[in-house]
Amino acid sequence: MKTFKCGQCGGELEERMIDYPISQNGEVIILENVPVNICRSCGEIWFSSEALSVIDKAASYTEKPKRTKPIFVWSYEEFAVAV
Ligand SMILES: [Zn+2]
């Protein structure tokens, strides 16, 4: 992967692997180790066209993954209430 500048703010991009949530048949599934570029200044996440096509492929895949892991969940209301 080449070094690009952030298309949003011109900041420096950092290559990273992230766990990306996708929706597969109405269920949330985590796609692990997606290579992305994250902007060090504004935090914008940039996906390569290759990564996007892999994400699309996973999202339209009909079979369920064999592995599961618990995910923590917040409700919007827990943050929306005035402190
Ligand atoms: Zn940026």
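Let's start with what Phe-47 touches. Leaving out residues up to four places away in sequence, Phe-47 is in contact (heavy atoms within 4.5 Å) with Ile-18, Tyr-20, Val-34, Val-36, Leu-52 and Ile-55. Keep in mind that this is a predicted model, where local features need pLDDT of at least 70, side-chain atom pairs count only at pLDDT 80 or more, and totals for chains, interfaces and linings use all residues. Residues are numbered from 1 along each chain as its sequence is written, and side-chain values use heavy atoms, with hydrogens and water left out.

Now the strands. Phe-47 sits in β3, residues 45-47. Strands here are DSSP runs of E, at least two residues, numbered from the N terminus. Two strands pair if DSSP finds at least two bridges between them.

Take β1 and β2 next. β1 covers residues 13-24, β2 covers residues 27-39, and they pair antiparallel over eleven bridges. Ile-18 has Val-34 as its bridge partner in β2. Phe-47 touches both Ile-18 and Val-34. Two residues lie between the strands of this hairpin, and Asn-25 takes a positive phi near 50 degrees.

On to β2 and β3. They run antiparallel, joined by three bridges. Trp-46 in β3 stands opposite Asn-37. Here the hairpin has five residues between the strands, with Gly-43 at a positive phi near 80 degrees.

One distance to finish. Phe-47 and Asn-33 are 14 residues apart along the chain, and their C-alpha atoms are separated by 12 Å.

Terms used
Helix = DSSP H or I, 4+ residues; strand = E, 2+ residues; numbered from the N terminus.
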